[in-house]
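Hello,

Here is the structure we talked about handing over. Please have a look at it first; my notes follow below.

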Amino acid sequence: MFLILGLLFLFKYSFSIKTYLKCESYNQESEKVSYFAFDKHHIWSDYDQINSKFRKKSNSSYGEKHVISTAFFGGTIKINREIGTIEIKQGLTLLGKSKPDLLLNCEKINKRKLPKEKIDRKF
């Protein structure tokens with residue numbers, strides 16, 4: 001009985017494996033690289049290279065072609081899995097003005113390839 005319940009639990013709440021992305025802006029002037037991760041339930045963003053973790057996590061709807069997350073102030077993150085892009089609609093600022101949308105070109109990476117910044121500690 002417990003074995004059957006355990007198998008049903010694992011089947012329904014299977015462990016989600018994250019997909020990690022390294023993204024660069026389509027605008028060649030910007031050399032900023034952003035990192036994202038997603039699974040069937042969440043999108044992680046704002047990677048902290050010193051602590052090796054993502055600062056922001058948002059719920060998402062998962063599909064074979066798109067993973068979409070709605071953030072606060074009307075912003076959205078839309079991962080297009082077919083062409084390898086992320087579209088970030090930033091929504092409204094605190095003053096009610098809309099921010100420009102960002103379009104990032106992404107490639108899939110392993111978790112080991114996420115950057116780690118070493119700190120020279122004095123104490």
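**What was found**

Proline 100 sits in the loop that links strand S8 (85-89) to strand S9 (102-109). Please keep in mind that this is a predicted model.

Is proline 100 buried or exposed? Its relative accessibility is 62%. The cut-off for exposed is over 50%, so proline 100 counts as exposed. Glutamine 90 is 10 residues away from proline 100 in sequence. In space, the two are 6.8 Å apart, C-alpha to C-alpha.

Now the overall layout. The protein has 1 helix and 9 strands. From the N terminus, the order is α-β-β-β-β-β-β-β-β-β. Of the 123 residues in the protein, 28% are buried.

Serine 69 is one to look at. It belongs to strand S6 (residues 66-70).

Next, the charges. Which residues form a positive surface patch? They are Lys18, Lys57, Lys111 and Lys116. Lysine 18 is in the loop between helix H1 (2-12) and strand S1 (19-25). Its relative accessibility is 32%. That value falls between the 20% and 50% cut-offs, so lysine 18 counts as partly exposed.

Best wishes

Definitions and conventions. Residues numbered from 1 in each chain as written. Predicted model: local features only at pLDDT ≥ 70, side-chain atom pairs only at ≥ 80, totals over all residues. Heavy atoms only, no water. Patch = residues over 30% accessible without salt bridge, like charges linked within 9 Å, V, L, I, M, F, W, Y side chains within 5 Å. Areas by Shrake-Rupley, 256 points an atom, 1.4 Å probe, with all protein chains shown as cover. Salt bridge = Lys/Arg side-chain N within 4 Å of Asp/Glu carboxyl O. Lys, Arg positive; Asp, Glu negative; His and termini not counted. Charge placed at Lys NZ, Arg CZ, Asp CG, Glu CD. Helix = DSSP H or I, 4+ residues; strand = E, 2+ residues; numbered from the N terminus. Buried < 20%, exposed > 50% of the residue type's maximum accessible area, 1.4 Å probe, protein only.
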